[in-house]
Amino acid sequence: MIRVDIDKTLRRALQRLESEQARIQRQITGLRNALQALQGGASANGVGRGSREESHPRRSAAGRGRRRGMSAAARKAVSIRMKAYWAKRRAKNGAKATAGKARKKSGA
């Protein structure tokens, strides 16, 4: 007969679910920030997405042109995702991406 430590198994399952919950929450935060940037992001000359008042019916006149910045936690989540993304790209491309390019040293 096989003995199973129920307490240990349940704790392990809970830990996995909590880490997945944290990952999903970071993705939700990133998507909300992206949507917010799209809704409030007019181009420099005022033409393009988000430049017309009718496209933002919920926006008040007092809040026009003002975007909320990202929280420190959201910036950190984006930073972690981008570091992982670029590390994966560098690993995928390997030496061929850096072998052909010589970096310029900036002399101040």
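Helix α1 comprises 35 residues and spans 50 Å between its first and last C-alpha atoms, close to the 51 Å expected at 1.5 Å a residue; the expected span of a helix is defined as 1.5 Å times one less than its number of residues. Helices (H or I, at least four residues) and strands (E, at least two) are DSSP runs, numbered from the N terminus. The structure is a predicted model, in which local features need pLDDT of at least 70 and side-chain atom pairs count only at pLDDT 80 or more, while totals for chains, interfaces and linings use all residues. Residues are numbered from 1 along each chain as its sequence is written, and side-chain values use heavy atoms, with hydrogens and water left out.

The secondary structure of the protein consists of three helices and zero strands, and the order of elements from the N terminus is α-α-α. Helix α2, residues 72–93, contains 22 residues and reaches 31 Å from its first C-alpha to its last, close to the expected 32 Å at 1.5 Å a residue. Gly 94 follows α2 and has a positive phi, near 60°.

The protein averages a pLDDT of 76, and 63% of the residues score at least 70. Among the elements, the mean is highest in α2, at 93, and lowest in helix α3 (residues 95–99), at 56. Over residues 42–54 the pLDDT stays under 50, and the model has 13 contacts beyond four places in sequence for these residues, a contact being heavy atoms within 4.5 Å.

The accessible surface of the protein comes to about 10,400 Å², of which carbon and sulfur atoms account for 56%. Accessible areas come from the Shrake-Rupley method with a 1.4 Å probe, and for residues only the protein chains shown count as cover. Residues are classed by relative accessible area as buried (under 20%), exposed (over 50%) or partly exposed (in between), with a 1.4 Å probe and protein chains only. Of the 108 residues in the protein, 6% are buried. In α1, the buried residues are Gly 30, Asn 33 and Gly 40, and the buried residues of α1 pack against α2. Ala 73, which is found in helix α2, is exposed because its relative accessibility is 58%. The C-alpha atoms of Ala 73 and Thr 29 are separated by 9.2 Å, although the two residues are 44 apart along the chain.

A nonpolar surface patch of about 460 Å² is formed by Ile 2, Val 4, Ile 6 and Leu 10. Patches are made of residues with over 30% relative accessible area and no salt bridge, like charges being joined within 9 Å and nonpolar side chains (Val, Leu, Ile, Met, Phe, Trp, Tyr) within 5 Å.

Two salt bridges are present in the structure, a salt bridge being a side-chain nitrogen of Lys or Arg within 4 Å of a carboxyl oxygen of Asp or Glu. Side chains of opposite charge can pair when their charged atoms come close. Arg 11 is bridged to Asp 7, with the closest N and O atoms 3.1 Å apart. Both residues, Arg 11 and Asp 7, belong to helix α1 and are four residues apart, about one turn of the helix. Arg 11 is exposed, with a relative accessible area of 57%, whereas Asp 7 is partly exposed at 45% relative accessibility. The other pair joins Arg 23 to Glu 20, whose closest N and O atoms are 3.8 Å apart. Arg 23 and Glu 20 are separated by about one helical turn because they are three residues apart in helix α1. Arg 23 is partly exposed at 37% relative accessibility, and Glu 20 is likewise partly exposed, at 38%.

Note on methods
pLDDT is the predictor's confidence in each residue, from 0 to 100.
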